Amino acid sequence: MEADPRFAGFVAERGDALLRYGYVLAGNPHDAADLVQEALLKLRASWPRLRAKDNPESYVRTTMARLHTAAWRLRRRELLAWDPPEHGYHDTLPSEDEQAMWETLAGLPRKQRVVLVLRYYEGLRDEEIAAALKISRGTVRSQASRALDKLRSAVGEHIGEGVMSDRGERR
Amino acid sequence: MNGIEERLSRTLGHAAERAPRLAAPAVERLETGYRRRRNRSQALIAAAAVVVVAGGVVVGLQGADTGRTLPAAGPSDVPSAVISAAAEPIEKVWPQAVWKMPAKDSEGRELRPVALTGDGTLLVNAWRKAEQPEVLYLYDLAGGKLRKITDLGRPKKTGRAAANFSMGEGVVAWWTSTKTSVRLWAVPLTGGEARQVAEHETGGDMIDNLVVAKGAIVFSVLKGGVFSVPLNGGQVTPVERGSGLHLLSWPWAGSPGTWTPPDGAPFTHLVNLETGHISDAAPARQGEQLLACGVQSCLATTPGGARAFTRLRDGSEQQEVPTGFQIPEPVGQSRFYVRTLRSHAPGLGLYDLKTGTLVDLGIGDEAAQGEVPVADRAGRMMTYLTASGRYVIDLSKIP
């Protein structure tokens with residue numbers, strides 16, 4: 001069976017980064033793998049139609065964010081059984097503080113979590129998030145603010161507030 | 001960003017490090033799944049014997065925790081001389097080619113080998129957060145010492161961190177990006193402050209390869225086109241003859257590029273940017289499929305995709321790739337292949353087609369976590385991480 005070498009190359013080169021993104025989106029390795037797999041299958045299906053100017057990575061990332069918000073039911077295992085390892089090389093987050101935040105994130109509604117991940121992991125601006133998720137900028141802001149409130153009340157605000165810096169970077 | 005946002009961003013970054021690695025036969029499974037979905041009545045096609053990878057990684061090795069080899073790598077297809085030979089550890093068979101180094105620097109940042117310099121040192125970058133290189137080092141392989149070349153700046157907002165480190169003429173060059181442009185950087189290998197050589201507006205397009213050559217940084221962009229800028233700064237100008245092409249390795253640029261859909265095997269068309277010499281690969285013969293080409297040779301599969309082979313670009317000197325072996329990047333190298341060693345447990349070996357030697361790379365359980373040898377762009381070095389440290393294999397030292 002011929003796998004398109006460029007698609008294979010894309011998966012090989014970007015697979016791990018996509019899994020990292022899937023993991024912060026979904027919160028666990030199984031759903032992360034499912035999200036990546038589903039998005040890559042869609043990419044594979046549209047690969048012959050992609051034009052030179054299309055960026056496969058942003059296509060996949062947008063697909064993953066949309067899939068995750070769209071009450072996407074995990075219909076996957078019949079399909080590919082990706083079998084991710086139970087965990088990566090590190091078992092827990094470096095600080096209790098971060099562990100607590102990670103657990104709080106797990107309790108957020110999907111849309112709120114996705115908005116936070118796009119803003120603070122992907123480093124997207126609100127208008128870019130709005131476009132990716134096909135929602136309004138106002139909704140992005142209100143979802144983000146609600147989610148941040150929950151995080152704040154769960155883990156407390158830190159001293160050292162108000163240090164302004166650029167937001168997280170795309171990776 | 002306020003306190004909670006800062007902490008959230010940090011938490012997400014750290015959490016991402018715990019993500020699973022790409023499970024092994026990802027591409028075959030995707031291909032299978034895609035086909036099954038496209039036509040559910042279609043019988044499951046056997047997994048491919050070969051996966052070619054452009055990004056420097058081999059995929060398609062073994063199920064993450066099934067411990068099964070791929071169907072196409074069945075023992076009956078593999079020369080018995082190979083399968084029955086107990087593979088010796090690589091450091092025993094080719095001691096002159098194997099280096100071991102620490103996995104992390106003194107600050108706990110993961111060390112990532114980039115390329116060998118040719119004088120016993122290795123260019124290495126290090127990161128805390130995946131894909132955010134923070135520092136460049138030269139590592140003295142024999143002495144085991146790291147020497148810092150430079151700290152790398154942090155990208156702004158939606159920019160991309162430093163990528164595609166490339167050495168030549170005593171400097172290291174790389175690129176970063178902003179939303180609409182790419183920035184080219186250089187620093188002497190002897191160390192110093194990184195210097196921005198140029199900024200080039202691309203409207204969001206990314207660089208697909210970059211080299212240092214002829215006193216300049218030469219690079220190509222994803223949508224095609226080779227450009228250059230003098231190392232000491234100045235205008236970015238299109239390279240003559242490089243229009244629409246993608247840099248493979250100096251002085252060769254060609255098409256299609258590795259990432260350029262739609263169909264066509266990468267680099268079947270090559271142009272020598274210095275001399276204008278054109279090399280078009282011999283087309284695939286009836287039923288065969290050309291997968292990708294390098295400067296010297298092309299890789300193709302037989303009708304049905306059951307077997308893979310390489311041929312020189314002119315179509316001569318066909319060489320079979322033994323079934324069950326994976327072809328590491330760059331595809332043009334037609335000598336070293338990777339395969340699973342055991343049918344009952346994870347483990348990877350390296351096979352030298354020239355001498356018929358199969359060695360144990362020392363990747364055991366790590367293979368189930370997705371660890372595979374990664375080559376540099378030139379195909380001279382392979383590196384991988386095991387529980388006992390990081391291995392660096394200098395393929396040029398294997399006789």
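In chain B, a salt bridge joins the side chains of Arg109(B) and Glu134(B), with N and O 3.1 Å apart. The structure discussed in this report is a predicted model. The pair connects distant parts of the chain, its two residues being 25 residues apart. Arg109(B) lies in the loop between β2 (98-101) and β3 (110-116) of chain B, while Glu134(B) lies in the loop between β4 (121-127) and β5 (135-140) of chain B. Both Arg109(B) and Glu134(B) are buried.

Side chains of opposite charge can pair when their charged atoms come close.

Another salt bridge in chain B is formed by Arg112(B) and Glu110(B), whose closest N and O atoms are 3.0 Å apart. Arg112(B) has a relative accessible area of 29%. Over all chains, the count of salt bridges comes to 22.

In chain A, Arg61(A) forms a salt bridge with Glu122(A), and the closest N and O atoms are 2.6 Å apart. This pair, too, links distant parts of its chain: Arg61(A) is in helix α3, Glu122(A) is in the loop between α5 (110-120) and α6, and the two are 61 residues apart.

Are these two residues buried or exposed? The relative accessible area of Arg61(A) is 3%, so this residue is buried. Glu122(A) likewise counts as buried, because its relative accessibility is 2%; the limit for a buried residue is under 20%.

## How helices α3 and α6 pack

Helix α3 of chain A, residues 56-69, packs against helix α6 of chain A, residues 126-133. Their axes are 9 Å apart and meet at an angle of about 70°. The two helices are therefore roughly perpendicular, since angles of 65 to 115 degrees are placed in that class. The crossing of α3(A) past α6(A) is right-handed.

Which residues make the contact? From α3(A) come Thr62(A), Ala65(A), Arg66(A) and Thr69(A), and from α6(A) come Ala131(A), Ala132(A) and Leu133(A). Sorted by class, the contact contains 4 nonpolar, 2 polar and 1 charged residues.

Definitions and conventions. Residues numbered from 1 in each chain as written. Chains lettered and ligands numbered in written order. Predicted model: local features only at pLDDT ≥ 70, side-chain atom pairs only at ≥ 80, totals over all residues. Heavy atoms only, no water. Axes fitted to C-alpha atoms, helices over the stretch in contact; angles between N-to-C directions. Helix = DSSP H or I, 4+ residues; strand = E, 2+ residues; numbered from the N terminus. Parallel < 35°, antiparallel > 145°, perpendicular 65-115°, else oblique. Left-handed = near helix turned anticlockwise from the far one by under 90°. Contact = heavy atoms within 4.5 Å. Nonpolar A, V, L, I, M, F, W, Y, C, P; charged D, E, K, R; others polar. Salt bridge = Lys/Arg side-chain N within 4 Å of Asp/Glu carboxyl O. Buried < 20%, exposed > 50% of the residue type's maximum accessible area, 1.4 Å probe, protein only.
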